Amino acid sequence: MSDPEKRTIDTLREGAVQAINASDLDDKTRLAQQTATRWFARTLSLRSPLDSPVSDRPGRPQKPDLLPPRMVKKRGLNSPAGRIALLHAIAHIELNAIDLALDIVARFASEPVPQSFFDGWMQVAFEEAKHFLLVRERLRALGADYGDLPAHDGLWQAAHDTRNDLTARLAVVPLILEARGLDVTPSLQSKMRQSGDLESAGVLDIIYNDEKKHVAIGAKWFRFLCHRQNKNPQEAFRQLVRANFRGQVKPPFNDLARAEAGLTPSFYRNLTSANAS
């Protein structure tokens, strides 16, 4: 699949849209990081009436095959094949995370928020691209590559479901999906080390430390919007998650890492029983 005809990138929104649309993953990561760098250098304006429209789906290569989550096999980490499968799943998560961060910027570029809002999400996009490249490099070192195994398509559904509401997007993507990464990654780091794969554990260390910052960015701006709307952030969070998140909010929770990111238990503890019903 060839990418759409590219326009000159003069705005942050245009750069974000072109990165989202790129089906070649080298192009996608390069465009994401170059757009972030140019935005930080203030050589791009925020938006223009001439910007390309924001896509409903990101560009993707022909592989991997996308399956419903329940059909993607889970494997243990005590074999090379199991570790490759885990890294492949993480690469897929990080690829979606690039597009999710870019989509927040592109889709909500007309929202009345401070410029620092876009600074934060372009930093997230830059780092998610870094994560994808690190995991893909590790896969290749193990004799595999992204696209070799099936993956699931559930992550992008969260973006589609919250495409019309920035507050809902922040509740679901950074404060549910990314926060879940804080819960599960420490045990994966430990299992990688136990298996002797210190290189993969080192990649997970980088991702884990960056993801804490990403959840913190989400929590900061979620609170900002709630306060501007005179809403209690914890109550608004629970209402938005119940209305917009199809999955379950379930323990175990990494309460310490979540709290470091500004996501205290008062946000999510009362959701566990409600979403499980």
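This note goes through a helix pair, the aromatic rings and one arginine in a predicted model.

1. Helix α5, which covers residues 154-161, and helix α6, which covers residues 166-194, have axes that come within 8 Å and cross at roughly 155°. Because angles over 145 degrees count as roughly antiparallel, α5 and α6 are described as roughly antiparallel to each other. The crossing of these two helices, α5 and α6, is left-handed.

2. As for the residues that make this contact, α5 contributes L155, A158 and A159, which meet R169, V172, V173 and L177 in α6. By residue type, the contact of α5 with α6 divides into six nonpolar residues, no polar ones and one charged residue.

3. Turning to the aromatic side chains, the structure holds nine aromatic pairs. One of them is formed by F117 and F118, whose ring centres lie 5.1 Å apart and whose planes stand at 85°, so that the pair is edge-to-face, given that planes over 60 degrees apart count as such.

4. Beyond individual pairs, one aromatic cluster is formed by F117, F118, W121, W221 and F224. The cluster thus includes F117 and F118, the two residues whose rings make the edge-to-face pair with planes at 85°.

5. Finally, R83 deserves a separate look, and its place is in helix α3, which covers residues 80-107. Is this arginine, R83, buried or exposed? With a relative accessibility of 13%, R83 counts as buried, because the cut-off for that class is under 20% relative accessible area. Leaving aside residues up to four places away in sequence, R83 touches G76, L77, N78, M192, S195 and D197. Among these contacts of R83 is M192, a position that falls within the range of helix α6, residues 166-194.

Technical notes:
Residues are numbered from 1 along each chain as its sequence is written. This is a predicted model: local features need pLDDT of at least 70, side-chain atom pairs count only at pLDDT 80 or more; totals for chains, interfaces and linings use all residues. Side-chain values use heavy atoms; hydrogens and water are left out. Axes are lines fitted to C-alpha atoms, for helices over the stretch in contact, and angles run from 0 to 180 degrees between N-to-C directions. Helices (H or I, at least four residues) and strands (E, at least two) are DSSP runs, numbered from the N terminus. Angles under 35 degrees count as roughly parallel, over 145 as roughly antiparallel, 65 to 115 as roughly perpendicular and the rest as oblique. A crossing is left-handed if the near helix is turned anticlockwise from the far one by less than a right angle, and right-handed if clockwise. Contact means heavy atoms within 4.5 Å. Ala, Val, Leu, Ile, Met, Phe, Trp, Tyr, Cys and Pro count as nonpolar, Asp, Glu, Lys and Arg as charged, and the others, Gly among them, as polar. Rings of Phe, Tyr and Trp (its six-membered ring) pair if their centres lie within 6.5 Å; planes under 30 degrees apart count as stacked, over 60 as edge-to-face and the rest as tilted. Buried means under 20% relative accessible area, exposed over 50%, partly exposed in between (1.4 Å probe, protein chains only).
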